[in-house]
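Me: I have a structure open and some quick things to ask. Can we go through it together?
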Amino acid sequence: MLNASDPSFPFPILIGDIGGTNARFALLVDVDALPQQLPPIKTGDFATIEEAMQKCILDKTPVRPRSAILAVAGPIKSDEIPLTNAGWVIRPKDMLASLRLEDVLIINDFEAQALAIATPAEGDVVQIGGGSVRAMSSRVVLGPGTGLGVAGLVFAQNTWIPVPGEGGHVDIGPRTERDFRIWPFLEPIEGRMAGEQILCGRGIMNLYRAVCAANGEEPALADQAEVTTSALTGSDAAAVETVSLFSTYLGRVAGDMALIFMARGGVFLSGGISQKILPALMKPEFRVAFEDKAPHSALMRTIPTFAVIHPMAALSGLAAFARAPSDFGVALEGRRWRS
Ligand SMILES: Nc1ncnc2c1ncn2[C@@H]1O[C@H](COP(=O)(O)OP(=O)(O)OP(=O)(O)O)[C@@H](O)[C@H]1O
C-alpha cells in the first residue's frame, strides 16, 4: 500500500516529455542509475499514448516501470488531459490499469524545462554575453518552439519551485522606426500582438512576410527552416533581417521576464529554435536588447543569459526531480494518480 503523503515515486520510473510532434521517454531503473533513453516517438504514429508506450517501451525492455512522470504540452485540469497540437488524450486512470503502474504524475512541459535549469551540467548550456549566475536566485526559461513557452524557477525554503505560466502571450510592441514600418504587416491574434505571434516557428514566417511586405517584395522563402538557414548563410537579405529582428524581440521579452522574476540566477533559452539559430543569438542583437531596460540596464548587465543545448533538457529535468522529489517544490495535488 502506498503512503499518501510520501513524495517519492517507486522505481523503476518511466519519464516522458510529450510534445505536439514528438514524445521522448527514458527509464530510471534506480536512484543512482543514468536514465536509459528510448528512441523518440512521433505522436501521430499511434492512436493512444498507452499503445505508444506499450509497443515502443514495454514490449522492448525487460524493465517493468512502477511509476510514470510525464511532462505534457496542455492544461492538466481533470482526469482527461488533451495534448495541445496532438491527437492524444491522456487518461492517467486508464494508464495505471492498462500499463499496471502504481503511480502517475503529469506536469506541464515548461515546468519540466524549469526543473532542467536548476543545476544544468556545464556542457548543457552556452552563455550568451556577460553576467554571472547568483546562486540560489530565481531563474527563467523561455523556449521558442511550436509556441513560446515560459516558466520561472524560484528558490525558497531550500527547494527549487517551478512557476509555469502563459508568459509567451504577453503583449509585444514596436520601439524603433523600423519596427513601426514592419508592425502594420504582422498578423495579430484577435487584434493584438502577443509574443507568440513572432517568437515561435510560425512567428518567424509572420515576421519574414512582414519584413518582405515592408520592403515591397514578394516573399521568396517557403518556411521557417528556409528562413533561418538562409539567414545563417547570409543568402537572403530579408531572412537575415528577420532573424536579426527575431533575436532583438526575443532579447526584449527575455529581459522583461528577467525583470519580473528578478532572475539573478540567469535566463535560459530552450526550445528547438534557440539551438538552430544559436550563431545568430551570439551576435550583439539579443544581448543588447536584453540589457536595454532603462532604468535597470546596470542590473541587466549582471544577469547572465544562456542557450540550453542539451538535446533532451526536459527529460534531464524530470530525471533530477524523479531522483530527489523533495528538492523541488512541484505541486502534486490534482496531478498525481495512484493505484
Ligand atoms: N531550422 C529551423 N528553423 C526555424 N524553425 C524551425 C526549424 N526547424 C524546425 N522549426 C520550427 O520549430 C518548431 C518546433 O520547435 P521544437 O522543436 O522546439 O518543438 P516543440 O515545440 O518542443 O514541439 P514538440 O516537442 O511538440 O515536437 C516548429 O514550428 C518548426 O517549424
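Me: Is Met262 buried, exposed or partly exposed?
Reply: Met262 is partly exposed, because 16 other C-beta atoms lie within 10 Å. A residue is buried if 20 or more other C-beta atoms lie within 10 Å of its own, exposed if 12 or fewer, and partly exposed in between, with C-beta atoms placed from the backbone. This is a predicted model: local features need pLDDT of at least 70, side-chain atom pairs count only at pLDDT 80 or more, and totals for chains, interfaces and linings use all residues. Residues are numbered from 1 along each chain as its sequence is written.

Me: Where does Met262 lie?
Reply: Met262 is in the loop between H7 and strand E13 (267-269). Helices (H or I, at least four residues) and strands (E, at least two) are DSSP runs, numbered from the N terminus. Phi of Met262 is near 45 degrees, a positive value in a residue other than glycine.

Me: And what about phi of Arg100?
Reply: Arg100 is not a glycine, yet its phi is positive, about 50 degrees. Arg100 sits in the loop between helix H2 (92-98) and strand E8 (103-108). Arg100 is exposed, because 12 other C-beta atoms lie within 10 Å.

Me: Which residues does a cis peptide bond join?
Reply: Phe11 and Pro12 are joined by one, with omega about -5 degrees. Pro12 is in the segment before E1. Ala294 and Pro295 are also joined by a cis peptide bond, with omega about 10 degrees. Pro295 is in the loop between H10 and H11.

Me: Let's move to E1. How many of its residues are buried?
Reply: Six of the six residues in strand E1 (residues 13-18) are buried. Both faces are covered. Ile13, Ile15 and Asp17 are on one side, and Leu14, Gly16 and Ile18 are on the other.

Me: What does E1 pair with in the antiparallel sense?
Reply: Strand E2 (residues 22-28), over six bridges. Two strands pair if DSSP finds at least two bridges between them. A hairpin of three residues joins E1 to E2. Leu14 stands opposite Leu27 in E2. E1 also runs parallel to strand E5 (residues 67-72), again with six bridges. There, Leu14 stands opposite Ala68.

Me: What order do the strands have in the open sheet of six?
Reply: The order is E9-E14-E13-E10-E11-E12, and the pairing is mixed. Strand E9 (125-128) and strand E12 (159-164) are the edges, each pairing on one side only. E9 and strand E14 (residues 305-308) run antiparallel and share four bridges. Val125 has Val308 in E14 as its bridge partner.

Me: Now helices. Why is H12 largely enclosed?
Reply: Nine of the 11 residues of helix H12 (residues 313-323) are buried, so the rest of the structure largely encloses it. Among the buried ones are Leu315, Leu318 and Phe321. The cover over the buried residues of H12 includes E1, E2, E5, H3 and E14.

Me: What are the domains?
Reply: The domain assignment gives domain 1 (13-109 + 324-338) and domain 2 (122-308). Such bounds come from an automatic or database domain assignment. Over C-alpha atoms, the domain centres are 30 Å apart. Eight residues of domain 1 are in contact with seven residues of domain 2.

Me: Which residues come nearest to the ligand?
Reply: Of the 16 residues around the ligand, Gly19, Thr21, Gly145, Gly201 and Gly272 come nearest. A residue is near a molecule or strand if its C-beta atom, placed from the backbone, lies within 6 Å of it. Domain 1 and domain 2 each give at least three residues to this shell. Helix H5 (201-215), helix H6 (224-233) and helix H8 (272-276) each supply at least two.

Conventions
Contact = placed C-beta atoms within 7 Å.
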